[in-house]
Amino acid sequence: MPTKRSVGTLGDKDLSGKRVLLRADLNVPLDDGQRIADDNRIRASVPTIKFLMGKGARVVLASHLGRPKGVTPKYSLKPLVPRLSELLGVDVRYRNVTHGYFLLNLKPWLILCFLDLFMCFKKVVMANDCIGEEVEKLATALPDGGVLLLENVRFYKEEEKNDPEFAKKLASVADLYVNDAFGTAHRAHASTEGVTKYLRPAVAGFLMQKELDYLVGAVANPKTPFAAIVGGSKVSTKIGVIESLLSKVDILILGGGMIYTFYKAQGHAVGKSLVEEDKLELANSLIEKAKSKGVSLLLPTDIVVADNFAADAESKIVPASAIPDGWMGLDIGPDSIKKFSETLDTTKTVIWNGPMGVFEFEKFAAGTDAIAKKLADITAKGVTTIIGGGDSVAAVEKAGLASKMSHISTGGGASLELLEGKTLPGVLSLDNA
């Protein structure tokens, strides 16, 4: 995939007074449709927004939220405005304090009045729609450094259909385009791909660029030994990733529900563990492919089994090759954790996609937690660690170790497709560097 031009290459002349359509990924979970449960995606978008504001651009911010069928109030972006305003205003607040020495001699209550005044100028304006006359007026009225948040682009079915007329209307309020929504880059939608036919320059935001640097750059030219850890419930959802990684990695560690298909393919007893019967031949072919490419493929040696799929199920540790009838594997065992950890100590680059077990149940989270802790440990020693989206990110965040990794991907499907070697429409449509 060609290297893409980044927003950082745009200077004051390119941006001052210009209206920038910024596609961000603000698809955050909301409790009861109102309170933000996790603001990580908003935080991840802030550096690009602040950069554009600092250059005097007028930022027209577009995003989706959830999977609405037409206009659906619970999927409105309105609840995001207070938190987004707060995150964008923090540096403004401090910058004005530190540069305004005269404030130091004022009484505390008067200082707060000044701070509130500065914050008012940085409030995010919310539109009731994402296209139309109201949006045009609000975009025209934006001051330099101002931010206008458009309503959910998926309120229109034309967004996901990449309708040219809808894309043209979105683009009509801007002079140039920045895509910082890596999580939707694998979709050719109007706001991610269609608008680039009407706006130039069209460049990558800082988050998009970081994702590409790690998921393309680090994987294409890794420091070796390079290991991949692939987990998850089904082989069928990770076939493309495994096949692609087998041509790149030195070590492939498998875990999660998919391993029982591999065990059965090798003739081992799997009890009532999850097995994809139609993928047994595929599992054997992947093992053979690893051997032919000289890749060290590691499967767990012991398993934590349960008598049923429940958080309080009876459990015990058994050899991976002999899971008893009536029992199912829900996590990797301590011997597997030890061996995987020792292997990871030898690596220089690691990418992880998919948990080792049913980490949502505390009783069966030990394997996933151990891998997260080991990756945090080796990151501190200089190993590049990439958490490739989806449940792996949730597991690392649950363990409180997200900040200890080299990179946490914000894209689930986009990360997978990039690791599979696929091209992403939302990236291909941007200007080449």
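Domain bounds here come from an automatic or database domain assignment. On that basis the chain is divided into domain 1 (7-207) and domain 2 (214-419), and 37 Å separate their centres, taken over C-alpha atoms. This is a predicted model, in which local features need pLDDT of at least 70 and side-chain atom pairs count only at pLDDT 80 or more, while totals for chains, interfaces and linings use all residues. Residues are numbered from 1 along each chain as its sequence is written, and side-chain values use heavy atoms, with hydrogens and water left out.

**Domains and cores**

- Nine residues of domain 1 are in contact with ten residues of domain 2, where contact means heavy atoms within 4.5 Å.
- The largest nonpolar core has 74 residues, and Leu21, Leu150, Leu170, Leu252, Leu254 and Phe262 are those with the most contacts inside it.
- A nonpolar core is a set of buried Ala, Val, Leu, Ile, Met, Phe, Trp, Tyr and Cys residues joined through side-chain atoms within 4.5 Å; buried means under 20% relative accessible area, exposed over 50%, and partly exposed in between (1.4 Å probe, protein chains only).
- Helix 11 (residues 280-293) gives this core its largest share, six residues.
- Both domain 1 (7-207) and domain 2 (214-419) contribute residues to this core, so it lies between them.
- Apart from this core lies another, of 33 residues, with Leu10, Val28, Leu52 and Val203 among them.
- Leaving aside neighbours within four places in sequence, Leu254 is in contact with Val230, Ile242, Ile259, Phe262, Leu297, Leu298, Leu299, Pro300 and Phe340.

**Helix 2**

- Helices (H or I, at least four residues) and strands (E, at least two) are DSSP runs, numbered from the N terminus.
- The expected span of a helix is 1.5 Å times one less than its number of residues, so the 15 residues of helix 2 (residues 40-54) should span 21 Å; the end C-alpha atoms are 22 Å apart, which agrees.
- A kink of about 35° lies at Val46, shortly before the proline Pro47; the bend is the angle between axes fitted to the seven residues ending at a residue and the seven starting there.
- Buried residues in helix 2 are Ile42, Ser45, Val46, Thr48, Ile49, Phe51, Leu52 and Met53.

**Parallel sheets**

- Two strands pair if DSSP finds at least two bridges between them.
- Strand 1 (residues 19-23) and strand 4 (residues 58-62) run parallel, joined by five bridges, and Arg23 has Ala62 as its bridge partner in strand 4.
- Another open sheet has six strands in the order 12-10-9-17-18-19, also with parallel pairing; its edge strands are strand 12 (296-298) and strand 19 (407-408).
- Strand 18 (residues 384-387) is joined to strand 19 by two bridges, and to strand 17 (residues 349-353) by four.
- On strand 18, Thr384 and Ile386 on one side and Thr385 and Ile387 on the other are all buried.

**Antiparallel pairing at strand 13**

- All five residues of strand 13 (residues 302-306) are buried: Asp302, Val304 and Ala306 on one side, Ile303 and Val305 on the other.
- Strand 13 runs antiparallel to strand 14 (residues 315-319), with five bridges, and to strand 16 (residues 328-332), with four.
- Ala306 has Ser315 as its bridge partner in strand 14, and Ile303 has Ile332 in strand 16.
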